[in-house]
Amino acid sequence: GNVLNPLITVTFNQPIVRDSALAKIHLKKGGDNVALRSLTLPEAEALQPGTEAAHKETRKDTVFWFTPTDKLTPGTNYTIVVDEGLQSQEGPRTMEA
């Protein structure tokens, strides 16, 4: 992918409810949200060849791909933020003794 139009991959250790992931994952430039577009695996592969092979063994509901809707600004710091309340398909995890 292009540095100003990157493929952003977010992977979780358990299956996530897709709508929850789309609502809770943000790209921030300072305190401002940068608009993201969710990608399918074929779209991610087109943006960054090798993505499909890299995630061949990955459970598809644990990985999400995004790209900014507009090119990023050179020389600027960006942060990926996952808000609290992300919903797992498995329900809340409990601690084991």
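**Ground rules.** Residues are numbered from 1 along each chain as its sequence is written. Because the model is predicted, local features need pLDDT of at least 70 and side-chain atom pairs count only at pLDDT 80 or more, while totals for chains, interfaces and linings use all residues; side-chain values use heavy atoms, with hydrogens and water left out.

**Overall picture.** The chain has three helices and six strands, where helices (H or I, at least four residues) and strands (E, at least two) are DSSP runs numbered from the N terminus. Confidence comes as pLDDT, the predictor's score for each residue from 0 to 100. Its mean over the chain is 89, and 93% of the residues reach 70 or more.

Some whole-chain numbers, with areas from the Shrake-Rupley method and a 1.4 Å probe:

| Property | Value |
|---|---|
| Box filled by C-alpha atoms, along the principal axes | roughly 45 × 35 × 25 Å |
| Buried residues | 30% of the 97 residues |
| Accessible surface | about 6,400 Å² |
| Share of that surface on carbon and sulfur atoms | 50% |

Buried here means under 20% relative accessible area (1.4 Å probe, protein chains only). As for contacts (heavy atoms within 4.5 Å), of those between residues at least 6 apart in sequence, 82% join residues at least 24 apart.

**The cores.** A nonpolar core is a set of buried Ala, Val, Leu, Ile, Met, Phe, Trp, Tyr and Cys residues joined through side-chain atoms within 4.5 Å. The largest one has 11 residues, including I8, V10, I25, L27, F64 and F66. Strands β1 (8-11), β2 (25-29) and β5 (63-68) each give two or more residues to this core. There's also a second, separate core of six residues, with L41, A44, V63 and W65 among them.

V34 belongs to the largest core. Setting aside neighbours within four places in sequence, V34 is in contact with L27, K28, K29, P68, L72 and Y78.

**A look at V63.** This residue of the second core sits in strand β5. Is V63 buried or exposed? V63 is buried, with a relative accessible area of 3%. Not counting residues up to four places away in sequence, V63 touches T9, V10, T11, H55 and T58. V10 is 53 residues from V63 along the chain, yet their C-alpha atoms are separated by 5.7 Å.

Terms used:
Buried means under 20% relative accessible area, exposed over 50%, partly exposed in between (1.4 Å probe, protein chains only).
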